[in-house]
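Visitor: Please take me through one part of this model in close detail. Then connect that part to the rest of the chain.

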Amino acid sequence: MPFSNSSDLSPSFILASIPGLEAAQAWMAIPLCSAYVLAVAGNCAVLLVVRTEPSLHAPMYFFLCMLAAIDLALATATVPRILSFYWFDSREISFGACLLQMFLIHTLSAIESTVLLAMAVDRYVAICHPLRHAAILTNGATAKIGLLAMARGVLFFLPLPLLLLPLPFCGSRVLSHSFCLHQDVMNLACANTTPSVVYGLTAILLVMGLDAVLICLSYILILKAVLRLAAWRERLKVFSTCIAHICVVLAFYVPLIGLSVVHRFGKDLAPLVHIIMGNIYILVPAVLNPIIYGVRTKQIQRRILSLIHVNER
C-alpha cells in the first residue's frame, strides 16, 4: 500500500533482512555486537587516557578524542537499533526516527571527515613548519576547529531530511540496509527527487570530496618535505609519524567509497552485499581507529598499561 507522510500520521520503513537467513539473524548479531562492544571500549579508553594524561594534552590527541567521540556517537546511533532488529525482530522504523538516524549518520560522517583533514594539516605543519607548529595549532585553535567541524556537518546535511520530509512514499517500504541512509530512503519516494539527488551529491562532494582532495594535497607537500631530508633513516622516522593518520584516513574513506559505489552501481547485487557494506561503513572506523593509534602511539600504550596495572592491584 502506498503511504505518504502527509496523509499517514505514522509512516514507517522496513529495515532490510538477509533473504533466506532470517532464522540465523540472532546468531549473526553476535559478531556485530562484539564489534560494537570493542568499538565502545576502545574509544572510551582513548578518551580516558587523553583526559587523565597531561602529556597528551596537545592538538593531535585532542583531534584523536574528537574522532573517538564521533565514532562512539555514530556506532551508538545505529548498532543498538540493528541489534534490536536482529534479536527481537523489530524491523519497522518510524519515518521521524529514520530521518533522525539518517541525519546523524551523514552529519557525524561529515564531522569526522573534517577532523581527519585537520589532523592532516596538523601533520603538515608539524613536519614542514615545526617551529611554527605550537603557535599555529594552539589548544584554543583546536577547539575552534572542532566547533567549525560540527557547524559544517550540521549546515551541509540538515537539508537532507528536510528535502525528504514533504515527499510522498509509495510501493515498497523496504530499505537496503539495517539503518537509514539518504540515498536509500530517497529511492523509495514516488515523487520527483531531483532536488534531493542534486543537493545530496553536492554536499558529499563539497565536504567528503573536498576534504579527501585537501588531505591528498597535504601529503604531497609532506612527501616533498620528507624527500628533501638527506638520510633515509631520518626520512622514515619523520614520515612514520603520519602512518597512523594515513591508516585512519583509509579506514574511513575506503568503506565510504565502497558504500557509495554499491548504491550507485550495485542495484543488481545481492542484498547481503548492501548489508555487509553498510555495517562495515559504520563499524570499521570505530573499531580500527583506537587500535591503530594504540599500536602506533607509545604514550597511549604506556598509559593504558599503567591503568591496567593499577586496576590489577
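Guide: G278 counts as buried, because its relative accessibility is 0%. Keep in mind that this is a predicted model. G278 sits in helix α11, which covers residues 271-296. Set aside the neighbours within four places in sequence, and G278 is in contact with H177, F179 and L259. Take L259 from that list. G278 and L259 are 19 residues apart in sequence, and their C-alpha atoms are 6.6 Å apart in space.

Now set another pair beside that one. I222 and M277 are 55 residues apart along the chain, and 32 Å separates their C-alpha atoms. I222 belongs to helix α8. With a relative accessible area of 0%, I222 is buried. Beyond residues up to four places away in sequence, I222 touches A120, R123, Y124, I127, C128, F239 and C242.

The structure holds 2 salt bridges. In one, the side chains of R123 and D122 meet at 3.0 Å, N to O. R123 and D122 are both buried. Another salt bridge joins R152 and D211, with the closest N and O atoms 2.9 Å apart. R152 lies in helix α5 (residues 139-157) and D211 in helix α8, so this pair ties together parts that are 59 residues apart in sequence. R152 counts as buried because its relative accessibility is 17%, and the cut-off for buried is under 20%. D211 is buried too, with a relative accessible area of 0%.

Stay with helix α8. The helix spans residues 194-227, and L214 is found in it. L214 counts as partly exposed, because its relative accessibility is 34%.

Next, the interior. In soluble globular proteins, nonpolar side chains tend to be buried together. Here the largest nonpolar core has 81 residues. F13, V115 and L116 have the most contacts inside that core. Leaving aside neighbours within four places in sequence, L116 is in contact with L67, I215, H245, V248, V249, F252 and Y253.

Two further sites are worth a stop. Q183 is placed in helix α7, residues 182-186. At 15% relative accessibility, Q183 counts as buried. Q183 touches H106, H263 and R264, not counting residues up to four places away in sequence.

D89 is the other stop. D89 is found in the loop between α2 (59-88) and β3 (92-94). Most residues other than glycine have a negative phi. D89 is not a glycine, yet its phi is positive, at about 55°. D89 counts as exposed, because its relative accessibility is 54% and the cut-off for exposed is over 50%.

Finally, step back to the whole chain. The protein chain has 12 helices and 4 strands. Helix α11, with G278, is one of those helices. For 313 residues, a compact globule would have a radius of gyration near 20 Å; the chain has 21 Å, which agrees. Taken along the principal axes, the C-alpha atoms fill a box of roughly 70 × 50 × 35 Å. Buried residues make up 46% of the 313 residues; G278 is buried as well. The accessible surface comes to about 15600 Å². Carbon and sulfur atoms account for 71% of that surface.

The contacts also tell how the chain is put together. Consider contacts between residues at least 6 apart in sequence: 79% of them join residues at least 24 apart.

To close, return to the starting point. G278 is buried in the model at 0% relative accessibility, within helix α11, and its contacts include H177, F179 and L259.

Note on methods. Residues numbered from 1 in each chain as written. Predicted model: local features only at pLDDT ≥ 70, side-chain atom pairs only at ≥ 80, totals over all residues. Heavy atoms only, no water. Helix = DSSP H or I, 4+ residues; strand = E, 2+ residues; numbered from the N terminus. Buried < 20%, exposed > 50% of the residue type's maximum accessible area, 1.4 Å probe, protein only. Rg over C-alpha atoms; globule rule 2.2 N^0.38 Å. Contact = heavy atoms within 4.5 Å. Areas by Shrake-Rupley, 256 points an atom, 1.4 Å probe, with all protein chains shown as cover. Core = buried A, V, L, I, M, F, W, Y, C linked by side-chain atoms within 4.5 Å. Salt bridge = Lys/Arg side-chain N within 4 Å of Asp/Glu carboxyl O.
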